[in-house]
Protein chains: 2
Amino acid sequence: MTQPIRIGIVGYGNLGRGVEIAMRQNPDMQLVAVFTRRDPATVKAGVPVLPVTAADEYRDKIDVMLLCGGSANDLQGQGPMFAAKFNTVDSFDTHAKIPEYFDLMNKVAGDNGHISIISTGWDPGLFSMMRLLAGAVLPHGQDYTFWGKGVSQGHSDAIRRISGVKDAKQYTIPVQEAIEQVRAGKNPKLTTRQKHVRECFVVAEPGADLAKIEEAIKTMPNYFADYDTTVHFISEEEFAAKHQAMPHGGFVFRSGNTGSGYQHIIEFSLKLANNPEFTASVLVAYARAAYRLSQEGQTGAKTVFDVPLAYLSPKSGAELRRELL
Amino acid sequence: MTQPIRIGIVGYGNLGRGVEIAMRQNPDMQLVAVFTRRDPATVKAGVPVLPVTAADEYRDKIDVMLLCGGSANDLQGQGPMFAAKFNTVDSFDTHAKIPEYFDLMNKVAGDNGHISIISTGWDPGLFSMMRLLAGAVLPHGQDYTFWGKGVSQGHSDAIRRISGVKDAKQYTIPVQEAIEQVRAGKNPKLTTRQKHVRECFVVAEPGADLAKIEEAIKTMPNYFADYDTTVHFISEEEFAAKHQAMPHGGFVFRSGNTGSGYQHIIEFSLKLANNPEFTASVLVAYARAAYRLSQEGQTGAKTVFDVPLAYLSPKSGAELRRELL
């Protein structure tokens, strides 16, 4: 029996906890420690919890560090810091900054002899892979991506900042009719409003002006003004009972024609009961790939586009060919 | 402008013609010649048509040879013959023989410094990739593959061998109710009969005993006995008008749970108006990958599991990260 791949987690929020949970299903890996910026005494995990500053001592005890912080505030600093000392996998998802983040991680990981797989998860991640694959097979065609039904953290936060709002969850929901048009090969031109609707569940402060809150949501630029938005005011009890899950998902289509004009439709979809646990499972599969790439002597930054699928599976090449090809 | 990748086609049936058609959509490639076992004078293509035996003279003029013969009779011989002289891509799909074929091609291609990507297309091929990817992300779960609606060549041939049958087409059709159960996360146990039905369109010889033909089809072991089969007798005119297209497609699902028990469903589907043209488009994308792997100095046999997705696209790594990640 070969040694398990030794894993560390940096950041113990929903994603970090998801990684710990995913470890149970991947017996070729072993979670060694969790690193946090909080007071470690306040964080309970199934393995030692240490301050981020203690990571240095684990350079020979951890094969791959999974960076589970957010893109907005954590990864641009933590990414290079950890890539200097460890192989890393992250879910950096600030789209506009990916090229710059890749270059930075590529330099630091490369200079230090490590592998850093960036921007894994499902979008960026699995959805990106489908867009690449489908576009390579059908060079003449059109891509469509729909998200949801799922909770958007950013939109929920935006509602919570409105005066008189105590708590809120916002669901992004794809328009079924638009999906059906794409699936039927009609290649529709769809506006923002025609692709998704937004549904908000809001707990108001006692005595708050509900009409005013609803108006503030529906007219909020960037977040809601371009969408058909529904607002439901509900009790704190109902909110606690029905809106704590973190479902998400979505659809990637490519509708294209081959040279004689025949139409072909490629569809990929995810229906996820728990977004962070699923995302964590993708990170864990890429941790296996990072370890193998590193064992081969490869270095630098990689994305899901650069990693052969075989590296994600614990099975050997011969097993994969026999069982899955 | 870099030189285009120089492509050869071996075997000019539906798949070979599909490759020629796909070349129009891939300006970074150029079709150099078609090689056939028929009398080249009887084959009309847009490039020189030559006997298979003339391929030797093209060793320095073709970068990748696309082997477009069938698995049953052509590829086991042609594969190694061409892998000794060229980089190759094929669609070998006799599932039980893939491990043996891989080993043979790996040895011949490796010994001669070539790359051979075997078993591309959509199943094996894209569907296999989805099974690997989904299984790596959701280690605890269940796979479902449905095929169709599409023409099965083998089943159509079987019907044509029945006495009194002049022509026939058989469509494999997935059972919609079974798909809906899987999509809804019910993890059904499905028998062969519950997954697909078979629909046959038959042109009978004048005076043939239709009841006897129908009985012979429906009770045919391996091919039809385990399925609910419908037989329609139609005129030669209707057959010519309505049953010449070659549609196909199918669905790959993985329904699995992450460690806390949350259920997730990954679905991939294809709806193809023309099976050989689509399959050819997959081969062409893998021809690009074969060329690049070869340029890097890699040798031996590869499958879709071994090739990073980036190698399939004409775009650069930076373009892919900016546009598709």
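A crossover is called right-handed if, with the strands pointing away from the viewer, the path from the first strand over the helix to the second runs clockwise. In this predicted model, a right-handed β-α-β unit is made by strand 10, helix 8 (residues 210-218) and strand 11 of chain B, where helices (H or I, at least four residues) and strands (E, at least two) are DSSP runs numbered from the N terminus. Strand 10 (residues 196-204) and strand 11 (residues 228-233) of chain B pair in the parallel sense through six bridges, two strands being paired if DSSP finds at least two bridges between them. In strand 11 of chain B, B:F233 is the bridge partner of B:V202, and B:H232 is that of B:F201.

Both strands belong to an open sheet of four strands in chain B, with the order 8-9-10-11 and mixed pairing. Strand 8 (150-151) and strand 11 of chain B are at its edges, and each has a single partner strand, so one side of each is left without a neighbour in the sheet. Helix 8 of chain B packs on this sheet and touches strand 9, strand 10 and strand 11 of chain B, contact meaning heavy atoms within 4.5 Å; its direction makes about 150° with that of strand 11 of chain B. Axes here are lines fitted to C-alpha atoms, for helices over the stretch in contact, and angles run from 0 to 180 degrees between N-to-C directions. Helix 5 (residues 153-160) of chain B lies across strand 8, strand 9 (165-174) and strand 10 of chain B, at about 145° to strand 9 of chain B.

## Seven-stranded sheet

Chain B also has an open sheet of seven strands, in the order 3-2-1-4-5-6-14, with parallel pairing. Its edges are strand 3 (49-51) and strand 14 (300-302) of chain B, each with a single partner strand, so one side of each lacks a neighbour in the sheet. Direction ignored, neighbouring strands of this sheet are turned by 25° against each other on average. Strand 6 (residues 115-117) of chain B runs parallel to strand 14 of chain B and is joined to it by three bridges, and the bridge partner of B:I117 in strand 14 of chain B is B:K302. Helix 3 (residues 98-111) of chain B lies across strand 5 (87-90), strand 6 and strand 14 of chain B, running at about 140° to strand 14 of chain B.

Within strand 3 of chain B lies B:V49, which is buried at a relative accessible area of 16%; buried means under 20% relative accessible area, exposed over 50%, and partly exposed in between (1.4 Å probe, protein chains only). Leaving aside neighbours within four places in sequence, B:V49 is in contact with B:V34, B:T36, B:P40 and B:V43.

## Aromatic rings and charges

Over all chains, the structure holds 16 aromatic pairs, defined for rings of Phe, Tyr and Trp (its six-membered ring) with centres within 6.5 Å, and counted as stacked with planes under 30 degrees apart, edge-to-face over 60, and tilted for the rest. The rings of B:F82 and B:F86 have centres 6.2 Å apart and planes at 35°, so this pair is tilted. B:F92 and B:Y101 form a stacked pair, with 4.0 Å from centre to centre and 15° between the planes, and both B:F92 and B:Y101 are buried. In chain A, ring pairs link A:W122, A:F127 and A:F268 into a cluster.

The charged end of A:R321 sits over the ring of B:F102, 3.5 Å from its centre, the criterion being NZ of Lys or CZ of Arg within 6 Å of the ring centre and within 35 degrees of the ring normal. B:K61 lies over the face of B:Y58, at 5.1 Å from the ring centre.

## Conventions

Residues are numbered from 1 along each chain as its sequence is written, while chains are lettered from A and ligands numbered from 1 in the order in which they are written. Local features need pLDDT of at least 70 and side-chain atom pairs count only at pLDDT 80 or more, whereas totals for chains, interfaces and linings use all residues, and side-chain values use heavy atoms, with hydrogens and water left out.
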